Amino acid sequence: MKRFRLATLLTAAAIAILPTTAGAAVTYPDPQPVTGQQIIHDPTVIHLKSGGYVAYSTGGVIGARTSKDRVQWDDAGNAFAAPPSWWYEYNSTGDPWAPDLSYRDGRYWLYYAVSSWGTNHSAIGVATSPTGLPGTWTDQGKAFTSETTDEWNAIDPALIQADGRLWMAFGSYWTGIRLVELNPGTGKAITGAPVAHLATRPDAPYAVEGAYIVHHGSYYYLFASYDACCAGVNSTYKIRVGRATSITGPYADSTGKSMLTGGGDLLLASHGRYIGPGGESIFQDKGKDVLAYHYYDGDDNGTPKLGLNTLSWTTTGWPVAL
């Protein structure tokens with residue numbers, strides 16, 4: 001989930017139309033076939049240096065899945081055997097959300113959020129591992145926090161290196177998506193670092209979250225989940241994207257509308273049995289960008305499942321899900 005939700009969820013979005021062809025309904029690709037343990041929420045996936053794949057997700061003590069071929073996925077338990085004690089400062093169950101997995105400086109880095117439903121008393125934690133596999137993680141504590149006096153919510157982390165510096169996008173509702181610089185040695189926020197504002201909505205409750213940033217060509221691309229998740233077949237999640245020439249923005253969509261005023265090209269939305277796609281991340285595999293997300297299966301009582309689609313890039317530099 002990416003975890004602040006109103007008690008009354010947003011109504012289903014109107015059918016999207018192509019920006020260049022009035023009245024023509026957009027068609028979206030189905031996720032690529034997967035087998036085995038498909039149930040997942042907020043997936044982050046990486047192709048391991050040792051071969052094979054691992055995915056972590058909301059659920060359990062950061063639920064883990066492994067695969068040899070990116071098709072058959074097996075349950076691999078949890079990242080941690082038990083919640084670190086400090087998690088209980090943020091909820092009574094030691095329940096982490098929305099992990100982000102990356103590799104740098106010879107180690108795997110796992111970021112995750114700990115919070116409670118409906119509050120921005122939240123923290124983003126960080127752990128490291130030599131292999132990236134469940135059971136090998138050493139928790140390093142809090143990387144960044146927010147309190148009820150802040151205008152942002154420290155959940156939904158996503159790491160990116162840009163111009164020799166390390167950054168973390170984050171945010172959910174509470175004015176949307178933010179960005180803070182991290183110390184590359186500790187993996188934690190630099191003390192006193194400014195918090196940039198990347199995307200929000202003009203309408204309360206500012207339903208944008210789950211950011212992920214990738215660099216392609218001359219641009220940084222900000223992907224985010226809009227509207228409401230976590231309601232099974234009634235979910236209205238969708239993935240939008242904008243771009244900027246600087247990591248700190250400003251980000252805008254293909255029409256030039258700022259993501260600070262609700263802009264963002266629609267990349268993926270509900271279609272057929274695949275309802276409410278979101279909670280996305282992007283990983284590199286065999287030289288291509290792969291979009292990972294969850295959707296709610298309309299043919300299986302709205303069960304959240306793993307979606308994977310390769311991203312292609314148009315000649316004008318915009319991503320398309322295949």
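Strand 19 and strand 20 make a hairpin with five residues between the strands, and in that hairpin Asn-301 takes a positive phi near 55°. Strands here are DSSP runs (E, at least two residues) numbered from the N terminus, while a helix would be a run of H or I of at least four residues. What you're looking at is a predicted model, where local features need pLDDT of at least 70, side-chain atom pairs count only at pLDDT 80 or more, and totals for chains, interfaces and linings use all residues. Residues are numbered from 1 along each chain as its sequence is written, and side-chain values use heavy atoms, with hydrogens and water left out.

**Around strand 20**

- Strand 19 (residues 288–297) runs antiparallel to strand 20, and nine bridges join the two; strands count as paired if DSSP finds at least two bridges between them.
- Within that pairing, Ala-292 has Leu-308 of strand 20 as its bridge partner.
- Strand 20 (residues 303–313) is largely enclosed by the rest of the structure, because nine of its 11 residues are buried; buried means under 20% relative accessible area, exposed means over 50%, and partly exposed is in between (1.4 Å probe, protein chains only).
- Strand 20 also pairs with strand 21 (residues 319–321), in the antiparallel sense and over three bridges.
- Here Trp-313 stands opposite Pro-319 in strand 21.
- Strand 20 and strand 21 form a hairpin too, with five residues between them, and Gly-317 in the turn has a positive phi of about 85°.

- Four strands line up in the order 10-11-12-13 to form an open sheet with antiparallel pairing.
- Strand 10 (158–162) and strand 13 (196–199) stand at the edges with a single partner strand each, so one side of each has no neighbour in the sheet.
- From one strand to the next, the twist averages 35°; the axes behind such angles are lines fitted to C-alpha atoms (for helices over the stretch in contact), and angles run from 0 to 180 degrees between N-to-C directions.
- Strand 10 and strand 11 (residues 165–170) run antiparallel and are joined by five bridges.
- Ala-158 has its bridge partner in strand 11, namely Ala-169.

**Tyr-88 in its loop**

- Tyr-88 sits in the loop between strand 5 (72–78) and strand 6 (96–104).
- Tyr-88 is partly exposed, with a relative accessible area of 44%.
- Setting aside neighbours within four places in sequence, Tyr-88 is in contact with Pro-83, Thr-93 and Gly-94; contact means heavy atoms within 4.5 Å.
- Ala-64 is 24 residues from Tyr-88 along the chain, and their C-alpha atoms are separated by 21 Å.

**The whole protein**

- The protein has zero helices and 21 strands.
- Its radius of gyration is 18 Å, close to the 20 Å that the globule rule gives for 322 residues, so the protein is as compact as a globular protein of that length; the radius is taken over C-alpha atoms, and the rule is 2.2 Å times the number of residues to the power 0.38.
- The C-alpha trace spans about 55 × 45 × 40 Å along its principal axes.
- Buried residues make up 56% of the 322 residues.

**How confident is the prediction?**

- The protein averages a pLDDT of 92, and 92% of the residues score at least 70; pLDDT is the predictor's confidence in each residue, from 0 to 100.
- Over residues 1–24 the pLDDT is below 50, and this stretch has 64 contacts in the model beyond near neighbours in sequence.
- Where pLDDT is low, the predicted coordinates should not be read in detail.
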